[in-house]
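User: I have a structure to go through with you. I want to know what backs each label. Shall we start with the ligand?
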Amino acid sequence: MTDRLTQLLATRDWLLADGATGTTLFNMGLQSGDSPELWNDQHPDRIAALYQGAVDAGSDIFLTNTFGGNASRLKLHDAEKRVGELNRIAAEIGRNVADKSGRDLVVAGSMGPTGEIMEPMGTLTFASAVEMFHEQAEGLKEGGVDVLWAETISAPDEYRAAAEGARLANMPWCGTMSFDTSGRTMMGVTSADMAKLIEKLDYKPIGYGANCGVGSSDLLRTVLGFSAQGPEQVIIAKGNAGIPKYVDGHIHYDGTPELMGEYAVMARDCGARIIGGCCGTTPKHLESMRAALENTPIGPRPTLEQISTTLGGFSSTSDGTDGNAPKARERSGRRRRT
Amino acid sequence: MADEEDIILSELEDEELTLQMHDDLYDGLKEEIEEAVNILLARGWTPYDVLTKALVAGMTIVGIDFRDGILFVPEVLLAANAMKGGMGILKPLLAETGAAPVGKMVIGTVKGDIHDIGKNLVAMMMEGAGFEVTDLGINNSVEKYLDALENEKADILGMSALLTTTMPYMKVVIDTLTEKNIRNDFIVLVGGAPLNEEFSKAIGADAYCRDAAVAVETAKEFMARKHNQAAPQ
Ligand code: B1M
C-alpha cells in the first residue's frame, strides 16, 4: 500500500506544510526552558489547538509536537522513560484532528536531533542514536502518524541514524537539515553534500530538504543547491518567518505574512514541492502562503540576485558550493592529520 | 597524512613554537599542544604567559575562522579539546602561583539549553586568570544556581544561553535573586551568541560579555570595584 504522503504528492503539484510549534506554544504560555512535549499529556487541548491552527490555515501536512521527544532531550526534564507515551499521545491528537477535518491531510511525526555530538567528536554512538530514533518512531507509529519527519539535523551520521530508526519501525519518512552556519549546517554540510548523502542511503526518504536556519533567502539558496543535483526525491523547504528579536520580554520574528507568501512562491520556483514555515510562522503566515501559492503561476527558477532582492540578503557570501568559500588559513603545513 | 619533514617542537625557537601551537590548535592536535606547553614551561615561561600567548591567542584565531564560515563545529570542538589538554597541565600551576583566588564564580548554561562550548571556554579562561570557578554544566534551574551561589560563597554568577527560547530564563534567575533580596550580593554576568548589551540591561544583569576575554576583563573590573567599595572610606 502506498503511504498517504506519496498518494497526495501524486495528485498535487505542491503541498503546504505547517509553521512554528515552539513560537505558538510560547504564546499559549509555555515557559522558557520547559519541555513542549510534556504538554501532550498535560494540555492535550492546547496541542490540538496548535494543530488545528495549521489545518484551518490550509496546511496539507502538519508535524506532531514531538521535536524534543527523544530520550536524550527528554532526559533534561527527567522524562526519558516517557518517550513512547509522549510521542504516542502527540500522534493520537494529530490523527484525531486530521480525521475530523474531512480533508486529505498528512500527520507527520516530528523527530528533532538528539542534541548530542556524535563520535568521534562527541560521545554519542551511532548505535545509541539509532536506538533513540527507533524508540521515538515506534511511539509515533503507534499513535497513528502517516510519515516520520526528522528535522533540524546537522550531522550526516545523525541523519543516517534517523533513517535507520525509520527503517526499523518500517515507516516512510522525510528528513530535513538546518543550514544555519554560513550556508551550511553547523557541522559544515553543504546542500550538495546532503544530496549526495541521500543518494547513498539504503533506506531513502520520500522527501528531503532544509528547515529553520537563518532567513528565507539562505534557505532558498540551499533549495537551489538541492535542485541543481536533480534529485529523485521531493524537495522540502521550511524556513523561518524572519529573524528572532527580543522585544519586551518575549521573542518576536520580523517576517510578515506577505513576505512569507513571496517566500513560498519562490520556494516552489526553486524546485521545492513541500513548502512550509518554521520558527515564527503563525497561521496568518500560512494563510498568506497558501493564497500566494494558489494565486501565482509557477515561474522560472529565480537567481540568487532575485532571491536577495525580494527576500533580503544572505548571511554569507558563499554557501560552500560555488568554489568561492573562504579558505582555511595557511599553516606551516608540516603536519596534518586527516 | 602529510609526512613531509616532521617537526621537532623542542627545536623551535619560542616565537616559532608559539606560532606552531596556534597551527596545532587550529588542527586540533592535543598531544602536540600538551608537549609544547611542557616545553615552554621548561624554558621558564610563566603558566599565565603560556595560557594567554599560546593557547588563548590560538583559540582566538579558531573563533574568528568559525565566525567567518571557514571552520565548523567539528574543528572547533577538536581545537577546544586540544586547549583543554594544555589547560590540564597549566591549571594546577596557575593555582600555585596566584596567591588567593581573584574571586569566586559560579557559571552554568540555563535551563533547557545544552550549548556548552562557549561556556567551557569562559570557565577555562576565568580559571586561567586566577578565579575559582564552579561549573554547573548545562540545563540549570534557578534552584541549582542559587544553591551553588550559597554553597560556594561566590562573588560572581555567570550565565550562558545560546537560544532565543532559553535566554529569557536568565531573567527568571535574576528576578528570583531580587525577590530573595540577594541580588546585590552577586555580580551577574551573562553571555551567549544571541544576547546583547540591551538584553543584558533589560533583564537586570550587571554586564554582557561578548566573548571569554571580555568576560575575564569584566569580572576583574567588577571585583576591583567590589573591593574598593568594601574598603574603609
Ligand atoms: C559570564 O558568562 C558568560 C560570558 C560569556 C559567554 C558566556 C557566558 N557564554 C558564552 N559567552 C561568550 O564567550 C564564548 C567564548 O568566546 C562565546 O560563546 P559562544 O557559544 O557564542 O561561541 C562558541 C565558542 C562557539 N559557538 C557554539 O558553540 C555554538 C555553535 C552553534 C553551531 C551550535 C552548536 C555547536 C550546537 N547546537 Co545549536 N548551535 C548554534 C550555533 C550556531 C553558530 N554558528 O553560532 C545555535 C546557537 N543553535 C541553535 C539551535 C536552534 C539549536 N542548537 C541545538 C543543538 C546544538 C548542538 C548540540 C548540536 C551543538 C552544541 C554542542 C555543545 N556541546 O555546546 C538545539 C538546541 C538544543 C538545546 N535545547 O539547547 C537547537 C534548538 C537545534 C535543534 N535542532 O535542536 C541556533 C539558535 C537560534 C536561536 N537564536 O535561538 C543557533 C544560533 C544555530 C542557528 N543559526 O540556527 C560567547 O558567546
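Analyst: Start with a cut-off: a polar contact is a pair of N or O atoms within 3.5 Å. Keep in mind that this is a predicted model.

User: Which backbone atom of B:Gly192 is placed against the ligand, and at what distance?

Analyst: A backbone N or O atom of B:Gly192 lies 3.4 Å from an oxygen atom of the ligand.

User: Why is the ligand site called shared between chains?

Analyst: Residues from chains A and B surround the ligand, so the site is shared. Of the 35 residues around the ligand, those that come nearest are A:Thr152, B:Ile114, B:His115, B:Asp116 and B:Ser160. The shell divides into 18 nonpolar, 11 polar and six charged residues.

User: What makes B:His115 a donor of the cobalt atom?

Analyst: NE2 of B:His115 lies 2.2 Å from the cobalt atom of the ligand. The cut-off for a donor here is 2.8 Å, so NE2 counts. B:His115 is the only protein donor of the cobalt atom. A polar side-chain atom of B:His115 also lies 2.8 Å from a nitrogen atom of the ligand. B:His115 sits in the loop between strand 1 (104–109) and helix 5 of chain B.

User: Which elements of chain B supply at least two residues of the shell?

Analyst: They are helix 5 (117–128), strand 3 (156–160) and strand 4 (187–191). Helix 5 of chain B gives the most, with four residues.

User: How do you know that strand 4 of chain B is largely enclosed?

Analyst: Five of its five residues are buried, so the rest of the structure largely encloses strand 4 of chain B. B:Ile187, B:Leu189 and B:Gly191 point one way, B:Val188 and B:Val190 the other. In a regular strand, side chains alternate between the two faces of the sheet.

User: What makes strands 3 and 4 of chain B a pair?

Analyst: Pairing takes at least two bridges, and five join strand 3 of chain B to strand 4 of chain B, so they pair. The two run parallel. B:Met159 stands opposite B:Val190 in strand 4 of chain B. The chain crosses from strand 3 through helix 7 (residues 169–179) to strand 4 of chain B, and this β-α-β crossover is right-handed.

User: And how many bridges link strand 4 of chain B to strand 5 of chain B?

Analyst: Three bridges, in the parallel sense. Here B:Gly191 stands opposite B:Cys209 in strand 5 of chain B. The path from strand 4 runs through helix 8 (residues 197–203) of chain B to strand 5, again as a β-α-β crossover that is right-handed.

User: Over in chain A, why is A:Asp146 called buried?

Analyst: Its relative accessible area is 13%, and buried means under 20%, so A:Asp146 qualifies. A:Asp146 lies in the loop between helix 7 (126–143) and strand 4 (147–153) of chain A. Its side chain makes a polar contact with the side chain of A:Arg95 (2.9 Å). A polar atom of that A:Asp146 side chain also lies 2.7 Å from the backbone nitrogen of A:Val107.

User: Is A:Gly215 buried or exposed?

Analyst: A:Gly215 has 16% relative accessibility, which is under 20%, so A:Gly215 counts as buried. A:Gly215 is in the loop between strand 6 (207–212) and helix 10 (216–227) of chain A.

Note on methods. Residues are numbered from 1 along each chain as its sequence is written. Chains are lettered from A and ligands numbered from 1 in the order in which they are written. This is a predicted model: local features need pLDDT of at least 70, side-chain atom pairs count only at pLDDT 80 or more; totals for chains, interfaces and linings use all residues. Side-chain values use heavy atoms; hydrogens and water are left out. A residue is near a molecule or strand if one of its heavy atoms lies within 4 Å of it. A polar contact is a pair of N or O atoms within 3.5 Å; within protein, one must be able to donate a hydrogen and the other to accept it, and residues adjacent in sequence count only if both atoms are side-chain atoms. Ala, Val, Leu, Ile, Met, Phe, Trp, Tyr, Cys and Pro count as nonpolar, Asp, Glu, Lys and Arg as charged, and the others, Gly among them, as polar. Donors are N, O and S atoms within 2.8 Å of the metal (3.2 Å for Na, K and Ca); water is not among the atoms, so sites may look incomplete. Buried means under 20% relative accessible area, exposed over 50%, partly exposed in between (1.4 Å probe, protein chains only). A crossover is right-handed if, with the strands pointing away from the viewer, the path from the first strand over the helix to the second runs clockwise.
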